[in-house]
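Reader: I would like to go through this model term by term. Please set each value against its cut-off.

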Amino acid sequence: MKPVRTQLYVCLANLALQMLEWMNVFQQTVEMLHSKPGGIQCILEFLKILPEEVTEGRKINLTEDELTQRTMELLEGSSALVLEYLSAYSSSSSKAIDDPLLMECIQSWLREIPILTLLNSP
């Protein structure tokens, strides 16, 4: 089941990259999944995959300018919100801080979140 879910997150990340008119990808994904059973894990898995697909998944049929703009919107534009979400999740329970997926998300976003901002976060 996990490989299927992973492929769905890859597809969602690629869709977000290609749909230039889809703004607020992170916020809408959180709104749709957060209150669902298993939704937080889905959000974390998607957050882990999104930066990887945006920066390395170059199978997309966009111009270089469109790709640059979309990368800025999806990653740089969402990095503060992502850090806020991950911080809130990490302090939500004692189990959350030990969640390996949380560390994988942080690792995926390291290039996008300034290191001082990350170090000053909870």
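Reader: What makes Glu 104 partly exposed?

Author: Its relative accessible area is 33%. Buried means under 20%, exposed means over 50%, and partly exposed lies in between, with a 1.4 Å probe and protein chains only. So Glu 104 counts as partly exposed at 33%. Glu 104 is found in helix α6. Helices are DSSP runs (H or I, at least four residues), numbered from the N terminus. Glu 104 and Asn 14 are 90 residues apart in sequence and 19 Å apart in space, C-alpha to C-alpha.

Reader: What are the ground rules for these values?

Author: This is a predicted model, where local features need pLDDT of at least 70, side-chain atom pairs count only at pLDDT 80 or more, and totals for chains, interfaces and linings use all residues. Residues are numbered from 1 along each chain as its sequence is written, and side-chain values use heavy atoms, with hydrogens and water left out.

Reader: Why is Thr 117 called partly exposed?

Author: Thr 117 has 40% relative accessibility, so it counts as partly exposed. Thr 117 lies in helix α7, residues 115-119. Between Thr 117 and Ala 80 there are 8.9 Å in space, C-alpha to C-alpha, and the two are 37 residues apart in sequence.

Reader: How do you know that Arg 70 is buried?

Author: The relative accessible area of Arg 70 is 1%, so the residue is buried. Arg 70 lies in helix α4. Leaving aside neighbours within four places in sequence, Arg 70 is in contact (heavy atoms within 4.5 Å) with Ala 16, Leu 17, Met 19, Leu 20, Trp 22, Met 23 and Val 25.

Reader: And which class does Thr 71 fall into, buried or exposed?

Author: Buried, with a relative accessible area of 18%. Thr 71 is also found in helix α4. Thr 71 and Leu 17 are 54 residues apart in sequence, and 7.5 Å apart in space, C-alpha to C-alpha.

Reader: Why do α3 and α4 count as roughly antiparallel?

Author: Their axes come within 10 Å and cross at roughly 165°. Axes are lines fitted to C-alpha atoms, for helices over the stretch in contact, and angles run from 0 to 180 degrees between N-to-C directions. Angles under 35 degrees count as roughly parallel, over 145 as roughly antiparallel, 65 to 115 as roughly perpendicular and the rest as oblique. Therefore α3 and α4 are roughly antiparallel to each other. Leu 50, Pro 51, Val 54 and Thr 55 in α3 meet Thr 71, Leu 74 and Leu 75 in α4.

Reader: What makes α1 oblique to α3?

Author: The axes of α1 and α3 cross at roughly 55° and come within 9 Å. That angle makes α1 oblique to α3. Residues making the contact include Val 10, Ala 13, Asn 14 and Leu 17 of α1 and Ile 49, Leu 50 and Glu 53 of α3.

Reader: Is Glu 53 buried or exposed?

Author: Glu 53 has 15% relative accessibility, so it counts as buried. Glu 53 is found in helix α3. Not counting residues up to four places away in sequence, Glu 53 touches Val 10, Ala 13, Asn 14 and Leu 17.

Reader: How many aromatic pairs are there?

Author: The count comes to 1 aromatic pair. Phe 26 and Tyr 85 form the pair, at 5.9 Å centre to centre and 80° between the planes. Rings of Phe, Tyr and Trp (its six-membered ring) pair if their centres lie within 6.5 Å; planes under 30 degrees apart count as stacked, over 60 as edge-to-face and the rest as tilted. The pair of Phe 26 and Tyr 85 is edge-to-face.

Reader: Why does this pair tie together parts that are 59 residues apart in sequence?

Author: Because Phe 26 lies in helix α2 (residues 25-33) and Tyr 85 in helix α5 (residues 79-90). Both Phe 26 and Tyr 85 are buried.

Reader: Which residues touch the most other members of the largest nonpolar core?

Author: A nonpolar core is a set of buried Ala, Val, Leu, Ile, Met, Phe, Trp, Tyr and Cys residues joined through side-chain atoms within 4.5 Å. Of the 33 residues in the largest one, Leu 17, Leu 44, Leu 47, Leu 50, Tyr 85, Leu 86 and Trp 109 touch the most other members. The largest share, 7 residues, comes from α3.

Notes
Helices (H or I, at least four residues) and strands (E, at least two) are DSSP runs, numbered from the N terminus.
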